[in-house]
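User: I'm new to this one. Can you show me the structure and take a few questions?

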Amino acid sequence: MTTNAHSSRSFRNHPGAAAVALAAATVLLAGCSSSDDTSDPLAGDKAAGDTVVVGSNNFAESILIADIYGEALKAKGIKVSYKPNIGSRETTYGLLKNGSITVLPEYNGSLLAYLDAKAEQTSLATVNAAAKAKLDSKLTLLESSPAEDKDSVTVNAATAKKYNLTATSTLADLKDIAPELVLGGSPEFQTRQQGILGLESVYGLKFKSFKALDAGGPLTQAALKKNTVQAADIFTTDPTITKEKFVVLQDPENLFGFANVTPLVYKSGLSQEGIDALNAVSAKLDTKALLDLDSQVQLESKDPLDVAKAWLKSAGLG
């Protein structure tokens, strides 16, 4: 099916969510070894010699994935320095173009929407091909991971138990159940194709009612926990899913587009060995693993660098 994955509700674009993430990221950086680089991340100095500079945007998950990338490169004997917590895509994309950053964790569909807001997103392959075609000639995308951080319809534990919904259940499984459920999300979720309109036109879902809350933030999380709403728009790697035993429903028609974690690279700054190392990370990193890693950092207050190293070791990449 044809969708446009550009949504201002994206965790990486939504101002409210970004503010929450920035606050969390700031706390996390106090204990993050990758922040030992005290140079100004916006200074724009190119990497010295053969050092690969791994950057991250200003939210906790980006910092964690950057640590995974950096430590995977170090495991291959590649010199790495970090520029964590830089800012939004508008800033980091420019730093990549001028070579100040060599590697950055990206989300393919969100990146394509930034490069071309009108681009249709029909499959993983077409999204990546279109994004590569729109990138600055000095940049490229490497292999995408199965891991995605995107919008979802998620139900609380009580609802999942009542209707026998599991992690393998799909949105189509809600067709007969939806009239009994209150759905929560941001106000704009009511009027978007990647929202109520699409849920009805693609999956035939008609909910009992809709409660306007926030964009996958604390209001939505609390309402779902308290059963004020039984289903809600929650981001797929939100640690609240693990903490509250929420169940994310699968989206086989890709209504919510594509947001696969993908390395964005300054071509001349990374060797083939480095490319192979990052592609190996992408091959192993899926949404379930990323949710677990995010939970360790954001719920258990573990050092993201330690979490990254432990995961790489468990995946045979450390």
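User: What does Val54 touch?
Analyst: Leaving out residues up to four places away in sequence, Val54 touches Ala66, Tyr69, Gly70, Leu73, Val80, Ser81, Tyr82, Lys83 and Val103. Contact here is heavy atoms within 4.5 Å. The model is predicted, so local features need pLDDT of at least 70 and side-chain atom pairs pLDDT 80 or more, while totals for chains, interfaces and linings use all residues. Residues are numbered from 1 along each chain as its sequence is written, and side-chain values use heavy atoms, without hydrogens and water.

User: Which residues have the most contacts inside the largest nonpolar core?
Analyst: Val54, Leu73 and Trp311, in a core of 36 residues. Such a core is a set of buried Ala, Val, Leu, Ile, Met, Phe, Trp, Tyr and Cys residues joined through side-chain atoms within 4.5 Å; buried is under 20% relative accessible area with a 1.4 Å probe, protein chains only.

User: Which element gives the most to this core?
Analyst: H2 does, with seven residues. Helices (H or I, at least four residues) and strands (E, at least two) are DSSP runs, numbered from the N terminus.

User: Which way do the residues of strand E6 point?
Analyst: Val182 and Gly184 point one way, Leu183 and Gly185 the other, and all are buried.

User: Which strands does E6 join?
Analyst: Four bridges link E6 to E7, running parallel, and two link E6 to E8, also parallel. Pairing takes at least two DSSP bridges. Leu183 has Phe210 of E7 as its bridge partner, and Gly184 stands opposite Ala232 in E8.

Key
Buried < 20%, exposed > 50% of the residue type's maximum accessible area, 1.4 Å probe, protein only.
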